[in-house]
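Hi,

Here is the structure I promised to pass on. Have a look at it first, and then read my notes below.

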Amino acid sequence: MKLRFIAATLAVMAMSTTSIMAEGLQGTPGTPMAIVDSQKDSASILPDQYKSYATTMNTVVKDYKNGYTFTIPWRVADGVKLDMDVRSESEHIQGYSFNLAGPTQDDSYTVSFTKRNNTPQDGVSQKEWNTTWYGVPIKGMSDEEYLSIWRQHSNVFENNDIVGGFFNKKGAISARWDKTTPKSYAEMTSTEPVQSVFEAEFIMDKDPTHRYNLASTYAPIQGEFMEQGLMEHTIPSFELLNKSGSSTIKGVKQFISGTSDISVAEGIKFAYPKGFTRLNEKGKIAFAKHNVRLDIESFTIPVQAVSTGMPTMMGKQMLGDYYLKQLVEVNKATITRYETHIIDGNVMFYLAGHMKNPNTADTSAAAPVSFAATIILGNEGNVAVARMIGPAGTSLSTPELIDVLDGFKLTTTLNTNQSSQVL
């Protein structure tokens with residue numbers, strides 16, 4: 001009965017003449033159990049009022065070296081940073097690949113974002129290459145025309161149901177999407193588990209010689225959950241960044257903080273916070289800017305803890321969860337923002353909200369203050385925290401201040417080979 005319902009649902013989607021990119025999705029679909037089950041440890045650590053962060057938290061990626069940023073609206077189970085030459089028209093692929101569910105789960109949920117070379121073929125100009133689909137101008141092209149032209153040049157349609165087309169993306173010369181699901185799923189000719197594959201690709205006006213590709217795999221029955229996140233969050237979040245760290249989108253400015261690095265602990269450095277003044281306090285790394293204080297400190301985790309779960313992605317997340325729990329229980333904090341931040345391959349966790357002033361001896365009687373903090377686990381078992389404190393009501397979540405807190409960088413990385421880095 002369940003299989004018949006799934007098949008009927010997919011058949012309706014495949015026959016629809018309305019683009020899901022244009023239509024959008026309504027409501028809030030439930031999180032797939034494979035993702036929930038893989039994050040049970042997180043759910044057990046987080047305070048009751050923050051359990052939702054076990055699966056739903058922004059994973060913000062900023063790659064200043066390669067010039068782009070994007071956000072995934074979920075907690076990830078693990079990830080890899082890629083950088084390799086390939087024997088295809090892509091020539092070179094750089095980017096990130098994530099699993100949303102752990103390796104012990106039956107269903108796989110993956111999201112990758114890559115930057116590839118966009119070299120014209122057969123003597124075609126870059127402009128024509130970027131504005132045509134198999135030689136046909138894309139301006140005004142309907143979804144039906146897009147699929148019909150593709151069908152003429154590919155046999156991928158023989159065994160798959162495919163929907164897709166071009167869509168508008170701010171700053172893009174062209175942007176297209178497609179969703180592919182094996183026909184065996186709809187026709188029930190196979191009992192083997194299958195995956196839908198969603199792809200979106202952008203050629204940006206300010207970077208016409210590269211293609212940016214978003215790809216995701218998931219169980220077809222969970223299409224609503226995944227497609228809502230990708231279409232309503234990840235695709236709109238993508239922006240180009242120039243080499244100084246500023247967004248190329250007019251009116252939006254984000255700056256990389258720092259003119260030099262401060263050694264915080266073995267294997268961990270922090271970019272000198274631009275605009276802040278160093279305080280002369282013995283044994284402390286502290287700064288101030290107007291009425292905002294910035295403290296940077298470190299401590300060491302016992303080797304046993306490192307060997308049993310860290311520095312895997314889940315181990316690093318566990319550290320962030322425990323830090324959130326401590327802020328709530330000890331400092332009576334209210335958390336308004338909790339995110340995974342991946343900055344040039346360095347994984348850290350950002351929190352913001354308000355709490356009792358931690359610098360007051362009697363915490364129970366302390367006045368409330370605004371706070372924002374980033375915590376990072378190094379590959380040597382060292383932990384570093386950068387924390388800002390300001391008067392209640394102070395906004396500490398501006399792009400500039402977030403970039404300051406995200407100034408951590410690891411001096412050692414965990415590599416699987418020369419072309420990939422485990423996050």
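**Salt bridges**

There are twelve salt bridges in the structure. Keep in mind that this is a predicted model, so please treat what follows as a description of that model.

Let me start with D48, which forms a salt bridge with K51. The closest N and O atoms of this pair are 4.0 Å apart. D48 counts as exposed because its relative accessibility is 65%, and over 50% is the cut-off for that class. K51 has a relative accessible area of 30%, so it is partly exposed.

Next, have a look at R293 and E281, whose side chains meet in a salt bridge at 2.8 Å, N to O. This pair links distant parts of the chain, with the two residues twelve apart. R293 is in strand β17 (residues 292–300), while E281 lies in the loop between β15 (277–278) and β16 (285–289). With a relative accessible area of 27%, E281 is partly exposed.

Then there is E339 with R337, a salt bridge of 3.1 Å, N to O. Is E339 buried or exposed? It is buried, because its relative accessible area is 6% and the limit for buried is under 20%. R337, at 28%, is partly exposed.

You will also find a network of salt bridges that links R176, D178, E201 and R211.

**A sheet of three strands**

Now for the sheet. Three strands form an open sheet in the order β13-β14-β22, with antiparallel pairing. The edge strands are β13 and β22 (408–410), each of which pairs on one side only. On average, neighbouring strands of this sheet are turned by 35° against each other, direction ignored.

As a reminder, strands of a sheet pair through backbone hydrogen bonds, either parallel or antiparallel.

How many bridges join β13 to β14? Four of them, between residues 261–265 and residues 268–271, and the two strands run antiparallel. For an example to click on, D261 has A271 in β14 as its bridge partner. The hairpin of β13 and β14 has two residues between the strands, and G267 takes a positive phi near 85° there.

**Helix α10**

Helix α10 covers residues 313–330, which is 18 residues.

Which residues of α10 are buried? They are M313, G315, K316, Q317, L319, G320, D321, Y323, L324, L327 and V328. After α10 comes K332, which has a positive phi near 50°.

**The chain as a whole**

To finish, here is the wider picture. The chain has eleven helices and 24 strands. Of its 423 residues, 51% count as buried. Among the contacts in the chain with a separation of 6 or more, 56% come from residues 24 or more positions apart. The chain exposes about 20,300 Å², and carbon and sulfur atoms supply 52% of that area.

Happy to go through any of this with you.

Cheers

How values were computed
Residues numbered from 1 in each chain as written. Predicted model: local features only at pLDDT ≥ 70, side-chain atom pairs only at ≥ 80, totals over all residues. Heavy atoms only, no water. Buried < 20%, exposed > 50% of the residue type's maximum accessible area, 1.4 Å probe, protein only. Helix = DSSP H or I, 4+ residues; strand = E, 2+ residues; numbered from the N terminus. Pairing = 2+ DSSP bridges. Expected span 1.5 Å × (residues − 1). Axes fitted to C-alpha atoms, helices over the stretch in contact; angles between N-to-C directions. Contact = heavy atoms within 4.5 Å. Areas by Shrake-Rupley, 256 points an atom, 1.4 Å probe, with all protein chains shown as cover.
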